[in-house]
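Reader: I would like to go through the labels used for this protein and ask what stands behind each one. Please set the values against the definitions.

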Amino acid sequence: MTTDQFPPNQERIVEFLHATGLFEGLPDQLVQTVYAQGKVESLTAGNLLFHQGEPAEALWLVLDGTLNARIARLMVGETDGGDYQAGHLVGVTDVLTGEARSSTVRAVTDVTLFRFDKDVLVELSQTSPDLLCRMGELVRRHLQLEQLAVFLPQMFGTLNDRLLREVESLIEWVYVNQGEPLLRQGTLGTKVFLLVSGYLYVVKEGRNGANRIINDIKRGELVGEMTFFTTGLRTASVYAARDSWLIGLSRQAFDKLLKQFPELMTFIIQTLIDRLRKKDGSITPKISNRYGTQRLATVINPTGHWSTATRQTNNIVIVPVSPEVRLGDFVERLQRALAKHGDTFALNSQRVNAVLDIPEIAQMPKEQPQSVRLTAWLDQQELNHRYMVYQTDPTPSEWTRRCIRRADQILLVGTADSSPQLSPIEDRFLSATRSLVTPPQSLVLLHPDRSRPPSGTAAWLEARDVDNHYHICWDRPEDFERLARLLTGRAVGVVLGGGGARGLAHVGVIRALQEAKIPIDLIGGTSMGALVAAECAVGWDPAKMITVNQRMLVDSRPLQDYTLPLLSLLSSRKVDRLYAEGYGPELRVEDLWVNFFCVSSNLSKAEMVVHREGLLWKAVRASSSLPGIFLPVIEGEDLLVDGAVFNNLPGDVMRSLGSGFTIVVNVSPEEDVRITESAFPSPWKLALRRLFGRPVPKVPNILDVMTRSALLSSIHSANQIAKRADLYLEPPVESFSMLDFAPLEALAEAGYQYTKERVKMVKF
């Protein structure tokens, strides 16, 4: 590349500068200053002007010839960023954002360029508010063009610079604030949109505010296409889950583009097919917990918010809720764990100020013109990285507000031994009533180690409305890896089904999973599955599970604690005592190291209940309270019985709580409780045969019949659960009795040997 200082064609260069979007309408004296500090350069055809990833220290004005930009994107490949010809500014976005080059630019023909350094712009912008505002607006427009260059080829095919700008002339840019509607249910579909940045929810609005999320819209997806083509009324509303940019096409603009780009219709058809495939028309039971009652869909968790397993996660916002939190250390360790799942970029207000080299730009209110530059820079980072970790200030600042508005998930991070009261940030920005579209909030409580079990979590949860909570130890890197999996939808959830004594096979299943180094990030179950799942969540190893269950289920003989059969066949006092002694009378579900749930059935309200809080022994007792055999558990004025009545394999509940990979273990075979006689023998004859040691015909007793009856509804739906599970395990336990706990070790061994072979064939 050759250069000439102070070229003779000054008038032409100044004229070109005035015509660019950066300097148009600004005082001539300012443009003359730029010219005076620049120089002319020549570039031969085929040579490189700059390479993607290089530092951005200057920008160029094309005086003559053509340049071409190529953009390499993660998971997108190489994309044509378009051509630069006479009158175009090159490298504007990179220079104004202070980032490395976002594209590779090479000369197509011999090119003459006018170069000026970014220091010139920075110095002039400090004395010219108009230039500063123009810089921000220009960054926004260049980023939008860059984003179009990435997303539009999937709609229109290959686009060169001319076609890209032709498409740009026909579209409308639309900005929607977090929580605001883009489209309203019941209105006419006169436009179709493409989401360029941000995240949207599709919400079905019912009567009396009974709204539910039925879909989500991610970056690069269409919005409102169905009613646009049917010309009918919109059947759902669309809300911004966070601040979002879209492009809109009117009917006239769409028809014009369709004539020129027939590929557009192929994209539309594929979108419609994908939408129909995502619809779930299944009927699901109601659930109830402390958050209230609603229908349980596979994409909505018990709080009513979008499941973290389904919801897009790009932006994770870290909010300190205890002054003692070492937030920088926490963010650094979380970033390392997230990096295993994708390119991760963490930033705080100090880093933003330093990179953009503008004092306190991170604290610029959204309404200030200068904030456009910051917004554009953040948009670019989100485009370049799979995960963004936003660290808020320790106070409710403008930067903190901005972070929260960009959140896909919010982590409230506190130290377990500090006060659970709301922090100033929560009180100002997060304590208002949450809507269906606000981002999920999770509480993270930090512990120095596992020398003491968690306690007092209930007070933290009572003070704030969160979707999940996690206990993390500073001295355990695996805890941060578990948190990263939970945040990114890659958590492994294990669901243990009910089946009486056969549920003891779950002990062997857990042993095999642990030996295979398969993490258990979430665990839950029903009935006997709930009992074993709770033992795993407490932290017992399989050897201790066998020892405790031998004492609790075999030696203590709880199934022989008969009572006057007015309310139940068996007394529940012994079971209550055994469960309380086994887990600890005061141990609560929310204080477990591993997130746990179990399900029971509310006889009073005909609802499935998901237990995520409260006394552990009582939750497990409710989940395993076989109707008619044990007394129901009293909760307020309601009666809770075995969860198998509603859901013996709660894989759907596990999905809704954030499991990305779900392992479901079924120990209830489809066929069971057979009889070898042509008719039931007399009970007296059976009693006499047992008394005198004679052979007894194989017939089910009353406990067998009642246990099997409780499982019938759930067994019928097991096939659907199996189809949705990522790994479905069905240990061979048919030969074991449902109510004989004596062969405990044989059951555990059967589960172990079966699972050990199955996991060899599975890639995690």
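Reader: Why is Asp357 called exposed?

Author: Asp357 has 55% relative accessibility. The classes are buried (under 20% relative accessible area), exposed (over 50%) and partly exposed in between, with a 1.4 Å probe and protein chains only. Asp357 therefore counts as exposed. Its place is in the loop between helix H12 (349-356) and H13; helices (H or I, at least four residues) and strands (E, at least two) are DSSP runs, numbered from the N terminus.

Reader: What kind of model is this, and how are residues numbered?

Author: This is a predicted model, in which local features need pLDDT of at least 70 and side-chain atom pairs count only at pLDDT 80 or more, while totals for chains, interfaces and linings use all residues. Residues are numbered from 1 along each chain as its sequence is written, and side-chain values use heavy atoms, with hydrogens and water left out.

Reader: What makes Glu382 buried?

Author: Its relative accessibility is 4%, so Glu382 counts as buried. Glu382 is found in helix H13 (residues 371-384). Leaving aside neighbours within four places in sequence, Glu382 is in contact (heavy atoms within 4.5 Å) with residues including Arg219, Asn315 and Tyr390.

Reader: What makes Asp243 and Arg405 a salt bridge?

Author: The closest N and O atoms of Asp243 and Arg405 are 3.0 Å apart. Asp243 lies in strand S15 (residues 237-250) and Arg405 in helix H14 (residues 398-405), so the bridge ties together parts that are 162 residues apart in sequence. Asp243 is buried at 15% relative accessible area, whereas Arg405, at 23%, is partly exposed.

Reader: How do you know that Glu749 and Arg511 form one too?

Author: Their side chains meet at 3.8 Å, N to O. The pair links distant parts of the chain, with Glu749 in helix H27 (residues 744-759) and Arg511 in helix H18, 238 residues apart.

Reader: Why is Val108 called partly exposed?

Author: Val108 has a relative accessible area of 47%, so it belongs to the class in between. Its place is in the loop between strand S8 (104-107) and strand S9 (111-117).

Note on methods: Salt bridge = Lys/Arg side-chain N within 4 Å of Asp/Glu carboxyl O.
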